[in-house]
Amino acid sequence: MTATTHSPLLSEAGQAVERHWRELAGRRRLYTIGGIVFMVLAMSGSLWFANESNAGKFFDRLPYLFDFVGQMLPRDGWEIWRALFDLPSPYDDGSLKYNYPDGRIYLTETFYLPEYFYKMLETINIALVSTLIGFGFGFVLCFLAASNLTTRRWLRFFVRRFMELLRAFPEIVIAGFFLAVLSIGAVPAIIAVSIHTIGALGKMFFEVVENADMKAEEGLRAAGANWTERVWFAIVPQVMPNFLSYALLRFEINVRASTIIGAVGGGGIGEALRLSISRTHEAKTLAIILLLFCTIVAVDQLSAWLRGRLVGRQAFEFGRGG
Amino acid sequence: MTETEASAIVARHTDVFQRPLLERFRAALIIAAVALYMVFAWWLFAVGQVISGGNWDIAGSYLADWVSYEVRPDIEYDGDALDVSFPRFSPLGDDPKPDWVVTETATVERRSATTSAAAGAGSGQTSGAGFLGSLDTKPAAKDDGGFLGAMPSASTPPETPTANTAPAEPVATREEAIVSADVSFGGDTHIRVQPGFVTVTHKGETLELDIEEQIAVNARGPLPDWASQRAPGSKVIARFGFAGRAEIEDDEVKIRRRFLGWENFFFDTRSPYWGMSAGQVLGTILFGDRIEEGRSNLAVAWDNIVNNADWQHGDVWLKLLQTIVMAFAGTVFASLLAFPLAFAAARNIMPNRFINHLLKRSFDFLRSVDMLIWALFFTRAFGPGPLAGISAIFFTDTGTFGKLYSEALENIDDKQREGVRSVGAAPSSVQRYGVVPQVLPVFLSQSLYFWESNTRSATIIGAVGAGGIGLKLWEAMRTNQDWENVAYMVLLILMVVFVFDNISNMLRQRLIGRQ
């Protein structure tokens with residue numbers, strides 16, 4: 001830096017400061033360089049390992065990536081439209097690839113729901129049911145885990161660990177277990193997503209409860225209210241907007257999660273997507289991706305709007321991955 | 001308070017005491033609506049039907065498999081004698097002689113033709129599972145004259161399944177054979193098998209069964225509530241809770257005895273260390289003679305653990321490392337790419353509105369096309385493995401980070417930038433000294449948070465083909481027999497998530513301080 005050129009003019013004390021500053025800057029630089037070297041080593045090691053253990057090598061497969069993108073293009077743009085709305089295709093040769101009208105779900109004699117819309121609705125319903133179940137159980141559990149409402153330490157400890165376990169337990173294992181017991185379908189997906197949701201929402205809820213204003217609770221306590229009455233009349237009205245907005249956020253995540261669980265056998269649009277990608281039905285794949293994309297954007301926007309109305313513009317985006 | 005005072009308060013605060021009907025019953029209405037929706041969902045997904053159609057018996061045994069293992073000897077009736085056999089890959093190794101199966105031998109006359117019929121009639125075992133695995137004419141090295149003392153004398157085995165092809169001549173031979181087997185299930189639970197007659201004792205009750213070979217199983221007296229029979233004469237299933245169960249059929253008794261624990265966790269049955277206690281293993285490694293030429297005992301032990309056939313430790317660890325690498329590399333790449341892009345997308349830093357919008361919409365696109373879609377897409381492109389996972393996480397998180405970073409950039413304090421600019425710094429220096437110090441801790445903390453949550457996501461997308469422990473987990477679950485391996489992998493995943501959670505929390509607290 002330019003400061004070093006002035007050093008001869010500095011007083012004794014000034015030189016001490018200067019020396020000290022240099023030491024600090026040097027140490028800081030050392031840490032930065034050390035950190036960068038460590039990251040570079042870790043990254044190159046990781047990438048080498050990933051490449052070695054992959055079925056296809058990165059540089060061998062790279063040209064095929066674009067081939068694959070080319071394969072994803074349908075014969076004409078309207079095919080996506082036809083696949084999406086189950087309209088008959090002019091290329092229909094009796095194969096699974098072009099049998100769009102077969103998937104129609106007739107609600108009345110003439111009015112039908114296209115297959116992928118039905119599957120998408122199924123996925124959304126899985127997400128909604130799981131969110132509601134998670135909300136219900138999380139709502140009950142969170143008051144038991146909050147330190148300002150539950151004085152018994154062992155109960156709090158037990159409830160918190162229980163919720164942590166529900167949250168950290170891989171969803172895929174719960175889904176796999178119930179798929180084995182109940183056979184393929186939406187119910188295993190609901191169970192798996194719900195269990196994760198109870199843990200995730202419960203944790204967020206009890207943090208909200210712990211930050212609640214306790215004055216109302218004290219007032220009720222002074223009037224002789226019991227625990228349930230205190231929670232219901234003093235805490236719940238305060239925390240409800242936050243609870244709802246977290247539940248909406250969770251709903252967004254659950255739509256994605258139930259799509260993924262669907263892909264491993266949990267029914268809904270995820271399964272349709274996995275099948276059509278693996279069978280290279282390009283028009284169907286693109287139709288599903290388009291539908292999924294629009295739905296996710298719509299759900300995100302709707303939930304952001306509702307959350308904005310509930311709690312004002314608070315940044316809840318952070319923490320969505322949990 | 002008098003009544004007039006109370007009514008005065010009510011009159012003054014009508015908005016509190018006389019709320020509109022809708023508002024008063026809002027909570028009840030919402031709850032009713034949710035309940036109605038749940039009924040609808042119950043109907044839509046046919047929940048009742050699915051749950052009642054579920055195989056809950058199997059669910060119990062799958063759950064028990066998480067922490068225990070079964071040993072499955074079959075006792076076949078063979079004329080006047082019995083055959084005790086274990087499946088080939090029994091957790092007790094080849095030729096097991098467990099002390100809970102007590103057999104008595106006697107000299108019997110038997111005809112070889114009947115045995116081939118009995119062997120042929122064996123129920124749905126996979127071919128090559130070796131019914132008579134225990135009779136594989138082992139050299140008498142293990143001969144201890146113990147419970148199956150008749151075994152060595154069976155060097156002319158009655159009939160192996162391979163001999164079925166030869167036309168069986170009814171030749172009568174006299175030999176030592178098992179005439180009675182007593183299987184203990186711990187406690188007072190016993191099964192005593194004799195040709196034509198089986199006694200089951202459990203909870204102080206005794207069930208006596210007459211066996212007409214190949215024809216029927218008939219109980220003497222009523223069945224206790226722990227035993228069941230679908231139709232008269234068909235097989236009787238006796239359930240002893242966790243200890244296991246027994247199926248008494250008209251041609252054999254299938255024993256399923258369950259033991260708590262993970263069997264052969266370190267050494268499989270082919271390892272020279274198999275069956276040793278921890279002290280013995282340590283002793284052999286430190287002081288024992290070399291088991292194999294050219295390799296130390298420690299190397300042999302390590303090799304046997306890593307290549308354990310039941311638990312596949314080496315492969316599981318490798319797959320777990322793949323998952324960790326997927327999350328790590330994906331997150332780092334996404335952060336690196338999102339960092340410069342976020343500057344271009346932030347309105348207060350890049351004045352060009354068109355570029356702002358273009359970048360923000362592409363972030364939204366990357367984020368909204370789900371990680372699953374990216375994972376399926378890249379699995380097709382790169383083949384199954386961590387490359388697909390890295391790419392999927394990279395694409396999704398570039399969108400997420402771009403959005404989060406550019407929002408953080410738009411919320412910075414402008415004074416620092418003005419200060420740096422006012423001394424005449426170049427635009428790049430303004431960003432470096434005026435902006436980056438403010439946002440870097442936030443950026444890093446967000447990346448760390450997602451690194452940890454991506455470790456979890458990487459497990460899930462692994463199952464659709466993106467490699468790592470997710471795929472391994474999924475394969476283990478699909479077989480429906482390796483639930484103890486699933487439990488092991490879940491435990492490893494939980495440990496990794498726990499450790500990463502703590503590391504990420506610790507680093508974040510050091511970066512941004514305790515909130």
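Predicted model: local features only at pLDDT ≥ 70, side-chain atom pairs only at ≥ 80, totals over all residues.
Modeller: Residues are numbered from 1 along each chain as its sequence is written, and chains are lettered from A and ligands numbered from 1 in the order in which they are written.

Colleague: How many helices and strands in chain A?
Modeller: Eleven helices and two strands. Both are DSSP runs, numbered from the N terminus: helices are H or I with at least four residues, strands are E with at least two. The order from the N terminus is α-α-α-β-β-α-α-α-α-α-α-α-α.

Colleague: And which domains is chain A divided into?
Modeller: Domain 1 is 2–67, and domain 2 is 113–206 + 247–311. Those bounds come from an automatic or database domain assignment. The centres of the two domains of chain A, over C-alpha atoms, are 40 Å apart.

Colleague: Switching to the partner. Which residues make up domain 1 and domain 3 of chain B?
Modeller: Domain 1 of chain B is 15–54 and domain 3 is 264–310. Their C-alpha centres are separated by 61 Å.

Colleague: How many residues does each chain put into the contact?
Modeller: Chain A gives 50 and chain B gives 54. Contact means C-beta atoms, placed from the backbone, within 7 Å.

Colleague: Which element gives the largest share on the chain A side?
Modeller: α6(A), with eight residues. By class, that side of chain A has 33 nonpolar, twelve polar and five charged residues. Ala, Val, Leu, Ile, Met, Phe, Trp, Tyr, Cys and Pro count as nonpolar, Asp, Glu, Lys and Arg as charged, and the others, Gly among them, as polar.

Colleague: One helix pair, then. Which residues of α8(A) meet α9(A)?
Modeller: A216(A), E217(A), L220(A) and R221(A). On α9(A), the partners include F233(A) and I235(A). The α8(A)–α9(A) contact counts five nonpolar, no polar and four charged residues.

Terms used. Contact = placed C-beta atoms within 7 Å.
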